[in-house]
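User: Hello! I am new to reading protein structures. Could you walk me through one, feature by feature?

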Amino acid sequence: MDQKIRVGIVGYGNLGRGVELALGQQPDMELAAVFTRRNPDKLQIQSKGVPVKNVSEAAAMKGEIDVMILCGGSATDLPEMGPQFARLFNTIDSFDTHAKIPAYFASVDEAAKAGGTLSIISVGWDPGLFSINRIFGESVLPEGGTYTFWGRGVSQGHSDAIRRIPGVKNAIQYTVPIQEAVEAVRTGSCPELATRQKHQRECYVVAEEGADQAVIEQSIKTMPNYFSDYDTTVHFVTEETLKAEHNKMPHGGFVIRSGKTGKSDNRHIIEYALTLDSNPEFTSSVLVCYARAAYRLSSRGETGARSVFDIAPALLSPKTGEQLRAELL
């Protein structure tokens, strides 16, 4: 391409930094600007010569950014940020509160259509790549069961939700699959498993001085859409322990479809797995390739919201259709 796809980043936490790194691996993209709610003068990014601006300045760059990647949290940031930016820019986000995706999609769709833009929501590995593999499995094996297991790993969304509880200074949350449930699914027996039977949640929390730890623990364990349906353990630790023992962000998991075909009840297992050293860096890499798809669809005149179900795989790749057919088909 003679002109690279110009990408903006909104939010410069773990996800935003990962997006910046991922853009450096894409031959047809470049970072145009980083937007933050912090003081831009005090934010050091890795890309030299790229402007850092306050989010209030984003609207002034309409026309200078082809796709804006929104790196806020799902609990409170994206419900407001998603529609707001979709009115101005093509956007990508990683909204991951599964139960609220339909409502979120509708709000972004309305805003994007009003603004004449294209937005792809809930991009990442789950929701995202795992979602695609669930639809593949259910379509190929209509008689059967689909099972998703996450971890053991750090959930960015759940950790962010804990950190927003009053009295919490810092926190990390691990999602832990229950191994007995995983092995039962792999037998092909299609067991019925409640949410609580598939995963546990482990939380490591640094409380602010004087905070009521019992109240914090109760707030975590009863939080809807995040912890209330799981057996959750809360450990209160010091800031030093959190930094020393929980400073990495691994994750991963499995999507398993177990089903049968034919009159003889032949059984089949489809399994897709991820093992990730860095959850935010991998998620960022998924966001970036979907930014290419958003740019291409927008260039065709399409508007409104999309999910990963609506995006053809060829739109994610910098390669031409001829290259893809020759090299990967």
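Analyst: Let's begin with cavities: the count comes to one cavity of 30 Å³ or more. On a 1 Å grid over the protein atoms alone, a cavity is a set of points where a 1.4 Å probe fits but cannot get out. Grid points are joined across faces, edges and corners, and a volume is the space filled by probe spheres set on the points. This is a predicted model, where local features need pLDDT of at least 70, side-chain atom pairs count only at pLDDT 80 or more, and totals for chains, interfaces and linings use all residues. Residues are numbered from 1 along each chain as its sequence is written, and side-chain values use heavy atoms, with hydrogens and water left out.

User: Which residues line the largest cavity?

Analyst: Rolling a probe the size of a water molecule over the atoms shows where empty space is left. Here, the largest cavity has a volume of about 30 Å³, and its lining is made of Asn133, Gly137, Val255, Arg257, Ile270 and Tyr272 (lining residues have an atom within 4 Å of a point). Helix H4 and strands S12 and S13 each give two or more residues to this lining. Helices (H or I, at least four residues) and strands (E, at least two) are DSSP runs, numbered from the N terminus.

User: How many residues does the largest nonpolar core have?

Analyst: In soluble globular proteins, nonpolar side chains tend to be buried together. A nonpolar core is a set of buried Ala, Val, Leu, Ile, Met, Phe, Trp, Tyr and Cys residues joined through side-chain atoms within 4.5 Å. Buried means under 20% relative accessible area, exposed over 50%, and partly exposed in between (1.4 Å probe, protein chains only). In this model the largest core has 41 residues, and Val19, Ile69 and Tyr290 are among those with the most contacts inside it. Helix H10 (279-299) supplies the largest share of this core, nine residues. Apart from it lies another core of 22 residues, including Phe35 and Val108.

User: Is Ser119 buried or exposed?

Analyst: Ser119, in strand S6, has a relative accessible area of 0%, so it is buried. Leaving out residues up to four places away in sequence, Ser119 touches Ala86, Phe89, Thr91, Val108, Ala112, Gly304, Ala305 and Arg306 (contact means heavy atoms within 4.5 Å). By contrast, Glu322 in helix H11 counts as exposed because its relative accessibility is 53%.

User: Which residues of helix H6 are buried?

Analyst: An α-helix has 3.6 residues a turn, so residues three or four places apart point the same way. In H6 (residues 179-186), Ala181, Val182 and Val185 are buried. They cover an arc of only 100° around the axis, so they sit on the same side of H6; the arc is that of the directions from the helix axis to the C-beta atoms. Strands S7 and S9 are among the elements that cover them.

User: How far apart are the end C-alpha atoms of helix H3?

Analyst: They are 21 Å apart, which agrees with the 21 Å that its 15 residues (101-115) should span at 1.5 Å a residue. The expected span is 1.5 Å times one less than the number of residues. After H3 comes Gly116, with a positive phi near 70°.

Definitions and conventions. 1 Å grid on protein atoms, 1.4 Å probe; cavity = no way out; pocket = protein on both sides within 12 Å on 5 of 7 lines; lining within 4 Å.
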